[in-house]
Amino acid sequence: MPGTGRQRRRHFVVRQTEGNGVQGSRRKRKVPREEALAALTPLLPKGRSLAGKMEEGKAYSPDGVFAHLEMLEARAHEAAVKQEATEQQEEKLARLKARVQELRLQRDELRAKVDLQQKGQLGKEGVVSDLAQPSARAVLEWKIKNIKATLQIFYLTGISGKLTKRGVCFCISTAYEGTYLDSYYLDLLTKPEVQIHRHSVPIFIPLEQIAKKYLQTDIRRFLSVLSDHLNAYVGRRYQADQLQEHFSDQIEGPLQRNSLCNLLVFNYNVSSRSKTFPFNVRLLYGDPCGSLPTEVIVSCTPDAPASLAETAAAHSDLFRRVALHKAFRSFSGTEESVDGAPVGHPASPQ
Amino acid sequence: MDETVAEYIRRTVLKIPRDEIKTMLQKWGFLSETQLQTINFHQIKENISQDVVQLCEENSADIKQAAVLDIIYNHIYPNKRVWSVYQMNKTGEETEFFDLTDFKKKFKRRLRSALKNVTINFREYEDNAIWIRIAWGTPYTKPNQYKTSYVVYHSQTPYVFVSASVLKSNLPLLCQALVVASNYHDIREMELRSHSLNSLKDIVFKRYSQNFQTYCPRPLQERNVAPESADLRIIQENRHEKERIQRVNREVFGDGPQPQLEFAQYKLETMFKSDSKMDVLDKKEPFRCMVKFSSPHLLESLKSLAPAGMADAPLSPLLTCIPQKARNYFKIREKKSLFPGSFMKIIFKDHYRAWGRRDSWNIDVSKKFPSSFSGY
């Protein structure tokens, strides 16, 4: 091509690839002509030079300083890349060696176990192999039974929990005097702060209030207070349910209650000298964590004999001390006793 | 007996399915057993209702007894009405001692002080539910027994379930009376509506099945394992994916039955996002549209979307949060978040091919959806 005086630099693209087996980015670096020439010159047969063929116009001396510097830079880069590759390989090797070590240890442990089992078998009957299979199964079953028993213990303690991905899930299982009743769940998140994610606590239990007081500061206290509330509610409800179930013949009319079972109002019959008199009782459970009433008002009709006033007072005292259904059980237990005598402590066993 | 009362009783009996009439009258308890024996319950309903009215005449029923029959009917068939949920607030921390007689007295007094012509009836049920029936009149007319509102309230809870009649103007009065009677401070309507009263109760009282991770030993439910195909040449290729979907579904929806809702409504006020090929809008303004999901049993159908292969699992939280957030009306706005690139898509496969040649209809909503929701 005729030279027009304009410089036309042709660039050779030299690819630099990394070492084997290591993934790296391929860099294409445009290298000026001189360096390419410098790199290629040793490959040419003696005496010839590319420069003479390709150039037109200015003369590029392969011995230029910049060219030399660039060549050195390229070499250094190559060397660095190679070193990185070797380092990575060494790292990988070390990792694999560690893993081999681990696996060997595991294998030794398992071997020891198998030997132990076999020895045990030998010690027992002197027969090997065939009994190894059922024995493993028996071991598994025993393990499952053990775990189930442990979980049952957790459940019986009343508060159990399980770590979840984002926090912890508590289960509060309630009971009243030996009877296990409902379980309630609380799903808590621990980040960014402790908060309730989901729950199955009934709406009339003041969960938000308790959480506001204790959740952030003292989670044990929070769980303990909540557990008290729930156990007390469940206990009150159980007493009312038992009363309706077993002593409905003694109750006149409906049993007025509410969701929390902390206010019960009803009429019941008291017999004296083979006549029945209706008593009206109002039970107020002032303590949300208590399952015995704090306020009892037992009243009878104005035309009732005076002796019944004592009975009313005795009943009132009894309701304050003893569970509702047990109090009623004691009524029916001592009903055949001396007429007009005030009811004392419950005669029937628990 | 009043003509209107007779007519009202007759019409109420006509509503009841013939097989149930006898049991409902027994529950009512106004007619004695001997009287009920005289009615032939196998004739046509028209005649049965006439017989019942006859007997009520003998017992001189008044509107109160007739109202009780109406309450019983609505208690057994609550799904014929649409129920909405109201939430009450109070700031006090004292323990509630809910006294039923006190509640009834306060409610009646408050309501009657504002409007004399109302019929109010109460009935309590075993699950601590108080049913209130209100027939509305005006200051100049007697209460219209056919325009009734029903209120169901569980004591010591902040939720009230209201099935309002067409007379919406009486709602503020009703709300006021409820607040005063139950010792709360204010009341607001929640974005939750359905025909199924029990499902609404399940949602707000958190009685629906939530899947809690616990160690509590529960008996493993016998899941219907599909019988292993006798032909070993048949291999389930997507078994892992199917199991993953089942697992994710169980985590989100739980094991038990879902509360029954009929619809979920999403009002979108977000910007329409599309690639330049589908430039529907020239200007960048919010694309207002409303997406409404309807179904006889919405949550069950959402639960079966992923296993049926119609949507990706896990489903969008917008759909799965319905029971937990206790709402089925949503308003979605653009969330001005710090990360404008974080958007989430609900992708329904193979539907809505009408839009150009796209295979999926993307509804982009902000990822941090809970904070961008607001009341309807």
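Trp131(B) is buried, with a relative accessible area of 1%, in what is a predicted model. This tryptophan is also listed among the residues with the most contacts inside the largest nonpolar core, and Trp131(B) takes part in aromatic pairs with Tyr125(B) and with Tyr150(B).

**Aromatic pairs around Trp131(B)**

- Over all chains, the structure holds 25 aromatic pairs.
- In one of them, the ring centres of Tyr125(B) and Trp131(B) are 6.4 Å apart and the planes stand at 70 degrees, so this pair counts as edge-to-face.
- Trp131(B) also pairs edge-to-face with Tyr150(B), at 6.0 Å centre to centre and with 70 degrees between the planes.
- Because Trp131(B) belongs to strand β3 (residues 129-136) of chain B and Tyr150(B) to strand β4 (residues 148-154) of chain B, their pair ties together parts that are 19 residues apart in sequence.
- Trp131(B) and Tyr150(B) are both buried.

**Nonpolar cores**

- The largest nonpolar core has 60 residues, and those with the most contacts inside it are Trp131(B) together with Ile9(B), Trp28(B), Val52(B), Phe161(B) and Val204(B).

**Other ring contacts**

- In chain A, one aromatic cluster is formed by Phe247(A), Phe266(A), Tyr268(A), Phe279(A), Phe319(A) and Phe328(A).
- In chain B, Arg193(B) places its charged end over the ring of Tyr329(B), 4.3 Å from the ring's centre, while Lys292(B) lies over the face of Phe263(B), at 4.9 Å from the ring centre.

Key: Residues numbered from 1 in each chain as written. Chains lettered and ligands numbered in written order. Predicted model: local features only at pLDDT ≥ 70, side-chain atom pairs only at ≥ 80, totals over all residues. Heavy atoms only, no water. Phe/Tyr/Trp six-rings, centres within 6.5 Å; stacked < 30°, edge-to-face > 60°. Buried < 20%, exposed > 50% of the residue type's maximum accessible area, 1.4 Å probe, protein only. Helix = DSSP H or I, 4+ residues; strand = E, 2+ residues; numbered from the N terminus. Lys NZ or Arg CZ within 6 Å of the ring centre and 35° of its normal. Core = buried A, V, L, I, M, F, W, Y, C linked by side-chain atoms within 4.5 Å.
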